[in-house]
Amino acid sequence: MIMKKIALIGCTGSIGRQLCEVVRSHKDKFAFTALVAGRDKDGLDALAREFGPKISCLSAEIPSHSALFADCDVAFIAAGGFAGLRYTLAAIEEGKTVALANKESLVCGGELVTTAAKRKGVDIVPVDSEHSALFQCLGMRRDAPFRKLILTASGGPFLHYGAEELKHVTAADALRHPTWNMGAKITIDCATLLNKGYEVIEAKWLYGAQLSQIGAVVHPESIVHSLVLFEDGAMLAQLGYPDMKLPIQLALTYPERLPCCGEVDLAALGALHFERLPEEKFPCFGLALRAGEIGGTCPTVLNGAAEVAVSAFLQGRIGFLRIAETIEDVLTKLPAERADSYGTLSRADARAREEARRLIDG
Ligand code: MG
């Protein structure tokens, strides 16, 4: 494999730091041309000293998108939140392969992103463990035929809680996530199952699936990362210990593979379990699917409201169940419009946040 040059947006977050570990362990295969951080200046400076990229800056100080992506082979978008969509669209405009770890790019901007990528002949490679698993089961192609895509979900920390218990859970309870080590926002999104709803929408855009062709099943061990059901009833799964370094690295090396993770000890594991996703207890999952079905600005409104509600929950200002209620109220208030540009989505995002803040503060 020839050396891959990477522009990393979101270098000090959880995914960004794990990508740095991957680059550290294969210095002859990967190099950074650009490192961008959101706010963590000290973290950024330390990484810039270690890896010596041509450009290193905070996102507020980016010179221009064309300069940012000029020298890279791959734009690795690991920035969190709606802000990540801007970088994904910019990288596509520069004709660069996108390794996509930012969920909002496809959840909010799925139509814009996939249309632009097609026009520019740019490849969007999934980094999320579930979508990477689907990619691997589909033979690392995104045009392979299938009957159904089945996402696995750890179920989050509150899977078996009753309705009364869910009223009283705190951010600290949610942040004790059972299997994956992630940032605070996405950990809460796992606890509400909003994250799984997002992943259904992402899979729809990545693999050209109908929402009715995508299912989700609880799998507490997080060993099976997702499955594909084919026309003849054959089902393929991808297994591995939960470690984001594998999908991160594969997004850069595919169709080749490099040493990364250890072998799953099947005999030591014993049983693997699967159970139905308890959608009725976690309304965020259904809300996400409904927003995905309606399309337009609807998923962006959902996401903007969710970011505000989750941040209020993390601050202890609202209870767990209020997250879904806030999202639903904002969705009712702001009807969907056509999502024909980044500007339209950005305005919908701002209005959703404003409305969510008003509901929470009022
Ligand atoms: Mg995931």
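The largest cavity holds about 50 Å³ of space. Here a cavity is a set of points, on a 1 Å grid over the protein atoms alone, where a 1.4 Å probe fits but cannot get out; a volume is the space filled by probe spheres set on the points, which are joined across faces, edges and corners. This is a predicted model, so local features need pLDDT of at least 70, side-chain atom pairs count only at pLDDT 80 or more, and totals for chains, interfaces and linings use all residues. Residues are numbered from 1 along each chain as its sequence is written, and side-chain values use heavy atoms, with hydrogens and water left out.

Back to that cavity. Its lining consists of Thr192, Lys281, Phe282, Pro283, Cys284, Phe320, Leu321, Ile323 and Ala324, where a lining residue has an atom within 4 Å of a point. Two or more of these residues come from each of α14 (283-294) and α16 (320-333), and α16 gives the most, with four. Helices are DSSP runs of H or I with at least four residues, strands are runs of E with at least two, and both are numbered from the N terminus. Sorted by class, this lining has seven nonpolar, one polar and one charged residues. Nonpolar covers Ala, Val, Leu, Ile, Met, Phe, Trp, Tyr, Cys and Pro, charged covers Asp, Glu, Lys and Arg, and the others, Gly among them, are polar.

In total, the structure holds two cavities of 30 Å³ or more.

The protein donors of the magnesium ion are Asp128 (OD), Glu130 (OE) and Glu199 (OE), 2.1 to 2.5 Å from it. Donors are N, O and S atoms within 2.8 Å of the metal (3.2 Å for Na, K and Ca), and water is not among the atoms, so sites may look incomplete. Aspartate 128 sits in the loop between β6 (124-126) and α7 (129-137) while glutamate 199 is in helix α11, so this pair ties together parts 71 residues apart in sequence. Aspartate 128 counts as buried at 14% relative accessibility, and so does glutamate 199 at 1%. Buried means under 20% relative accessible area, exposed over 50% and partly exposed in between, with a 1.4 Å probe and protein chains only.

A pocket is an open set of points with protein on both sides within 12 Å along at least five of seven lines.

Now for some backbone details. Leucine 193 has a positive phi of about 70° although it is not a glycine, and its place is the loop between α10 (184-192) and α11. Serine 222, also not a glycine, has a positive phi of about 50° and belongs to the loop between β8 (214-218) and β9.

Strand β9 (residues 224-229) runs antiparallel to β10 (residues 235-239), joined by five bridges; strands pair if DSSP finds at least two bridges between them. Further along, the peptide bond from tyrosine 254 to proline 255 is cis, with omega near 5°.
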